Amino acid sequence: MRSFASTPQLIPPLLLTLLLAAGGAHAQLSSPVPPGSKPAAGTGKAAPGGLELPAGQGAGVHGANSPFAPLAARGDVVPWSVLTDVKTKNEKNRILPVFSDSQLGMNGKTQRIQGFMMPLEPGKKQRHFLLSSVPLTCSFCLPGGPESMVEVKTKNPVEYSMEVVVVEGRLQVLHDDPYGLYYRISDAVTVK
């Protein structure tokens, strides 16, 4: 049996990028759920000690027990519900996005997106990072799939923050990105 360590070419590029990004984060966040807590048998909700665990949650969904507040609705940003509503197709052993007309209509236009930073470089100041619809709460956990992340390349460095960040720039809808991403914002600036 082959291991990923002996065959690095088997690691999908997006996964590798996110694992490296997670290791480069300066803040070590922890889960609010105690280690070893599991849903009570048959219910899927209660854990030992009466702790409620959210049922039916997963990557790309803001957990009810998250220490961070969910994103507040704003009329001046593209809602994540628009970005995440992507269909996929299998083509030559790859999964490719199939975008809607509304998503394709944003391509090449200036857009605003809000989310949580996932650094891709070391240091307090970031020029290249991922913006996610949910916060990164584990250094080794992916917060969602490619539909719930936007690659951001900024004009000027942006200080890393665990708070919500809003960026504005030229949005690209990516049909066949080598890293498996679906969206990119370039020449971005932060806005309040």
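Me: Hello! Which backbone oxygen does the side chain of Ser-148 reach, and at what distance?
Reply: In this predicted model, Ser-148 sits in the loop between E4 and E5 and counts as buried at 2% relative accessibility. Buried here means under 20% relative accessible area, exposed over 50% and partly exposed in between, with a 1.4 Å probe and protein chains only. A polar contact is a pair of N or O atoms within 3.5 Å; within protein, one must be able to donate a hydrogen and the other to accept it, and residues adjacent in sequence count only if both atoms are side-chain atoms. The side chain of Ser-148 reaches the backbone oxygen of Gly-145 at 2.9 Å.

Me: Good start. What kind of model is this?
Reply: Residues are numbered from 1 along each chain as its sequence is written, and side-chain values use heavy atoms, leaving out hydrogens and water. Local features need pLDDT of at least 70 and side-chain atom pairs count only at pLDDT 80 or more, while totals for chains, interfaces and linings use all residues, since this is a predicted model.

Me: In what order do the strands of the closed barrel run?
Reply: Helices (H or I, at least four residues) and strands (E, at least two) are DSSP runs, numbered from the N terminus; two strands pair if DSSP finds at least two bridges between them. The barrel has 5 strands with mixed pairing, in the order E3-E4-E5-E7-E6.

Me: Leaving aside neighbours within four places in sequence, which residues is Leu-83 in contact with?
Reply: Contact means heavy atoms within 4.5 Å. On that basis, and with those neighbours set aside, the partners of Leu-83 are Val-78, Gln-103, Met-106, Ile-113, Glu-147, Val-150 and Tyr-183.

Me: How many residues apart in sequence are the parts that the Phe-99 and Tyr-182 pair ties together?
Reply: Rings of Phe, Tyr and Trp (its six-membered ring) pair if their centres lie within 6.5 Å; planes under 30 degrees apart count as stacked, over 60 as edge-to-face and the rest as tilted. Phe-99 and Tyr-182 are edge-to-face, at 6.1 Å centre to centre and 85° between the planes. Phe-99 is buried at 9% relative accessibility, and so is Tyr-182 at 6%. Because Phe-99 lies in the loop between E2 and helix H3 (101–105) and Tyr-182 in the loop between E6 and E7, the parts tied together are apart in sequence by 83 residues.

Me: Which residue forms one aromatic cluster with Phe-99 and Tyr-182?
Reply: The structure holds 2 aromatic pairs. The cluster of Phe-99 and Tyr-182 also includes Tyr-183.

Me: Last one: what is the phi of Lys-92, roughly?
Reply: Most residues other than glycine have a negative phi. Lys-92 is in the loop between strand E1 (87–91) and strand E2 (94–98) and is exposed, with a relative accessible area of 75%. Lys-92 is not a glycine, yet its phi is positive, at about 50°.
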